[in-house]
Amino acid sequence: MTLRINSRGSQVVKLQKELKAAGLAVGKADGIFGANTLKALKTFQARHHLAVDGVAGPNTWRALLNDGKKPAGAAAPKKTTPVASAPRGSLVSGYVNGVAKKIRVASIGNGKALRSDAAAKFNQMKAAARRAGVTLTPVSGFRTMAQQRSLYAAYRAGRGNLAARPGYSNHQGGRSVDVSTNGSYSSAAYKWLARHGRAYGFVNDVRGEPWHWTFRG
Ligand SMILES: [Zn+2]
């Protein structure tokens with residue numbers, strides 16, 4: 001049964017009990033889907049790489065019911081958020097060719113991150129571009145599964161740029177960065193990158209996307 005904010009009844013009690021069993025605070029299992037239940041559900045969805053929509057649909061229920069069957073002591077994996085400003089970078093849940101993989105990411109500015117080796121090269125490249133009077137602004141770097149799922153859904157619905165199947169984007173491996181180019185091959189950023197990107201290991205590998213650069217170094 002699909003449950004959402006303001007749902008009520010015995011199924012909501014069940015949902016609240018499952019969330020509690022998963023170690024999340026929902027307060028009293030009172031059968032009213034309120035703010036605490038919503039918050040706990042979203043946390044659960046993020047931990048399980050589900051769409052973080054706060055709606056308990058079939059996928060979420062499956063994960064909830066499986067979660068409860070884990071042997072005692074097998075705690076749900078800690079949610080990893082890129083604290084990318086940490087000097088050594090931070091460990092996050094990435095995906096490479098459809099396989100979940102822990103990767104270390106580091107900041108590339110503008111709140112974005114890349115796999116640490118790619119980030120180091122990107123930052124060198126950004127500094128070189130700046131010396132040449134060109135600003136490289138990252139608008140997307142490493143993406144979580146939830147972020148890729150939402151971009152893919154938008155793309156499939158005709159509302160967004162081409163997005164790779166969740167699990168298969170080089171953004172999820174922390175190797176691809178989208179740089180602000182106003183979508184134009186004549187932008188200063190694109191032109192500079194076309195000349196110098198390769199020297200730093202970055203190639204423009206998606207046709208029609210002047211902004212998308214992948215680290216192959
Ligand atoms: Zn991209």
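This briefing describes the zinc site, salt bridges, sheet and nonpolar cores of the structure above.

The model is predicted, so local features need pLDDT of at least 70 and side-chain atom pairs count only at pLDDT 80 or more, while totals for chains, interfaces and linings use all residues. Residues are numbered from 1 along each chain as its sequence is written, and side-chain values use heavy atoms, with hydrogens and water left out.

**Zinc site**

- The zinc ion has H171 (NE2), D178 (OD) and H212 (ND1) as its protein donors, at 2.0 to 2.1 Å; donors are N, O and S atoms within 2.8 Å of the metal (3.2 Å for Na, K and Ca), and sites may look incomplete, as water is not among the atoms.
- Along the chain, these donors follow the spacing H-x6-D-x33-H, and the pair of D178 in strand β5 and H212 in strand β7 links distant parts of the chain, 34 residues apart.
- D178 is buried at a relative accessible area of 8%, and H212 is likewise buried at 8%, where buried means under 20% relative accessible area, exposed over 50%, and partly exposed in between (1.4 Å probe, protein chains only).

**Salt bridges**

- Three salt bridges are found in a search of the whole structure, each being a side-chain nitrogen of Lys or Arg within 4 Å of a carboxyl oxygen of Asp or Glu.
- D178 forms a salt bridge with R143, with the closest N and O atoms 3.1 Å apart; this pair links D178 in strand β5 (residues 176–179) to R143 in the loop between β4 (138–140) and α5 (145–156), 35 residues apart, and both D178 and R143 are buried.
- D205 and R216 meet through their side chains at 3.0 Å, N to O, and because D205 lies in the loop between β6 (202–204) and β7 (212–215) while R216 lies in the segment after β7, the pair ties together parts that are eleven residues apart in sequence.
- D205 is partly exposed, with a relative accessible area of 28%, and R216 is partly exposed at 49%.
- The side chains of D117 and R115 form a salt bridge at 2.8 Å, N to O, with D117 partly exposed at 38% and R115 partly exposed at 26%.

**Sheet and packing helices**

- An open sheet of four strands has the order β4-β5-β7-β6 with antiparallel pairing; two strands pair if DSSP finds at least two bridges between them, and helices (H or I, at least four residues) and strands (E, at least two) are DSSP runs numbered from the N terminus.
- The edge strands β4 and β6 each pair on one side only.
- β4 and β5 pair over two bridges in the antiparallel sense, and D178 in β5 is the bridge partner of S140.
- Helix α4 (residues 116–131) lies across β4, β5, β6 and β7, running at about 80 degrees to β6, where axes are lines fitted to C-alpha atoms, for helices over the stretch in contact, and angles run from 0 to 180 degrees between N-to-C directions.

**Nonpolar cores**

- The largest nonpolar core has 21 residues, of which F122, L136, W192 and F202 touch the most other members; such a core is a set of buried Ala, Val, Leu, Ile, Met, Phe, Trp, Tyr and Cys residues joined through side-chain atoms within 4.5 Å.
- The elements that give two or more residues to this core are β2 (99–109), α4, β5, α6 and β7, and α4 gives the most, with six residues.
- Another core, of 16 residues, lies apart from it and includes L24, F33, W61 and L64.

Terms used. Contact = heavy atoms within 4.5 Å.
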